[in-house]
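Subject: Structure handover

Hello,

Here is the structure I promised to pass on. Please open it beside this email, and my notes follow below.

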Amino acid sequence: MIFTTSFTTVLEAVYPIDLPSKPAAPPDSVHFITTRGSGVKDEPRRKLKMSISNAQATPSIQICRIMRPDDANIVGNVHGGTILKMIEEARCIIGTRHCNTQTGDRCVAALARVERTDFLHPMFIGEVAHVSAEITYTSKHSVEVQVNVLSENIVTGAKKLTNKATLWYVPFSLQNVAKIVEVPPIEYSSPEQEEAGKKRYEAQKLERLETKERNGEIIMSVSLPDRQTKEPYTVAFSQSSLIHLIGPSDCTLHGFVHGGVTMKLMDEVAGIVAARHCKTNIVTASVDAINFHRKIKKGCVITISGRMTFTSNKSMEIEVFVDADPLVEAEKGKYRAVTAFFTYISLDKDNKPHPVPPLKLEGEEEQKRFEEGKARYLQNKAKRLADKERQQ
């Protein structure tokens with residue numbers, strides 16, 4: 001029902017495509033991983049290929065997988081949530097592996113924040129997704145991972161860049177999940193590269209603190225009978241919620257939910273909100289600033305809620321919250337675990353951008369959120385135009 005890929009023309013941005021120099025996987029292998037920088041010898045495995053280089057090199061990894069029907073919607077477009085999940089899997093491997101290259105507590109890298117992610121091109125069933133991840137900055141207690149996603153048509157050999165993302169991780173000790181361990185430093189190519197990474201670190205840290213200030217707000221779910229009494233194109237009419245029990249298949253071996261699982265559910269809810277507002281086909285244009293505030297344990301019931309915050313002529317911004325309710329440890333109470341902003345566009349029957357109905361605002365709070373969304377929209381638009389001018 002929901003499209004979750006978009007087109008470069010929608011974003012008004014052109015990115016140079018850096019095609020991987022390594023050959024494609026052989027026909028009998030649909031999933032392989034290539035890593036560098038772990039400091040161990042090569043070790044072949046079934047459906048898994050690794051190549052390791054100097055431990056002082058910048059750690060990087062590549063995951064490739066063919067897209068199956070259960071990764072896509074009914075017309076063959078791969079879900080945005082599927083791509084986000086693959087991005088998170090790549091970071092989990094590279095982040096956790098790097099943080100365990102030093103002596104001391106064994107640890108696992110937990111997702112703390114996803115920076116803006118643009119969906120530049122659609123990906124389809126039968127294509128191979130190449131997810132390349134590289135550690136680009138480390139602070140004392142956090143890791144920055146930058147990810148590119150390429151799609152490959154294995155019939156024609158054509159490749160295109162579909163996604164670019166930046167993610168931040170924090171390593172937690174396996175012996176004491178409340179303890180944050182120190183991150184091994186990486187080697188930078190120049191002092192300027194390290195300084196640029198430090199600026200990105202300080203900026204995302206400030207934004208996360210600002211997000212936490214509004215972290216206690218609760219979105220009330222709207223039932224179908226109540227929705228019929230709401231006026232169309234209002235926030236209350238389209239806001240939606242999804243409830244999910246966190247089971248073993250959603251979690252790491254250590255009992256905490258995968259960040260990719262959470263992001264996929266958030267994408268579903270945001271798509272429902274967008275579709276209810278427009279009543280047309282919709283696609284994900286971008287994901288902006290996913291903040292993971294607290295870990296979610298196995299056995300929790302999570303409520304994913306979304307509401308419209310801003311609309312322009314061709315796009316709409318949806319704010320999504322994830323609240324966790326620990327059933328076994330009910331005395332701890334419900335808490336806000338994740339927040340994010342998703343941007344969608346509306347499509348007509350020919351899959352061309354279609355005007356978005358204006359959002360009808362009710363009250364000062366909705367007006368305030370609308371103005372904040374408009375500021376983010378104008379800021380991102382200016383950045384896209386600046387990037388386009390630099391590439392010309």
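What follows covers a helix pair, a cavity and a pocket.

One caution before the notes: this is a predicted model.

**The helix pair**

Start with H2 and H6. Their axes come within 8 Å and cross at roughly 165 degrees. An angle over 145 degrees counts as roughly antiparallel, so H2 is roughly antiparallel to H6. The crossing of the two helices is right-handed.

Which residues in H2 and H6 meet? From H2 come Gly80, Gly81, Thr82, Leu84, Lys85 and Glu88. From H6 come Gly259, Gly260, Val261, Met263, Lys264 and Asp267. By class, this contact has three nonpolar, five polar and four charged residues.

**The second largest cavity**

The count of cavities of 30 Å³ or more comes to two. H6 gives the most here, with three residues. Two of the lining residues are polar, three are charged and none is nonpolar.

How much space lies in the second largest pocket? The volume is about 970 Å³. Its lining has 41 residues. Ala110, Phe172, His293, Arg294 and Lys295 lie nearest the centre.

H3 supplies the largest share, six residues. By class, the pocket lining divides into 21 nonpolar, ten polar and ten charged residues.

**Where to look**

For a quick tour, begin at the right-handed crossing of H2 and H6. Finish at the second largest pocket, with Phe172 as one of the residues nearest its centre.

Best wishes

Technical notes. Residues numbered from 1 in each chain as written. Predicted model: local features only at pLDDT ≥ 70, side-chain atom pairs only at ≥ 80, totals over all residues. Heavy atoms only, no water. 1 Å grid on protein atoms, 1.4 Å probe; cavity = no way out; pocket = protein on both sides within 12 Å on 5 of 7 lines; lining within 4 Å. Points joined across faces, edges and corners; volume = space filled by probe spheres on them. Helix = DSSP H or I, 4+ residues; strand = E, 2+ residues; numbered from the N terminus. Nonpolar A, V, L, I, M, F, W, Y, C, P; charged D, E, K, R; others polar. Axes fitted to C-alpha atoms, helices over the stretch in contact; angles between N-to-C directions. Parallel < 35°, antiparallel > 145°, perpendicular 65-115°, else oblique. Left-handed = near helix turned anticlockwise from the far one by under 90°. Contact = heavy atoms within 4.5 Å.
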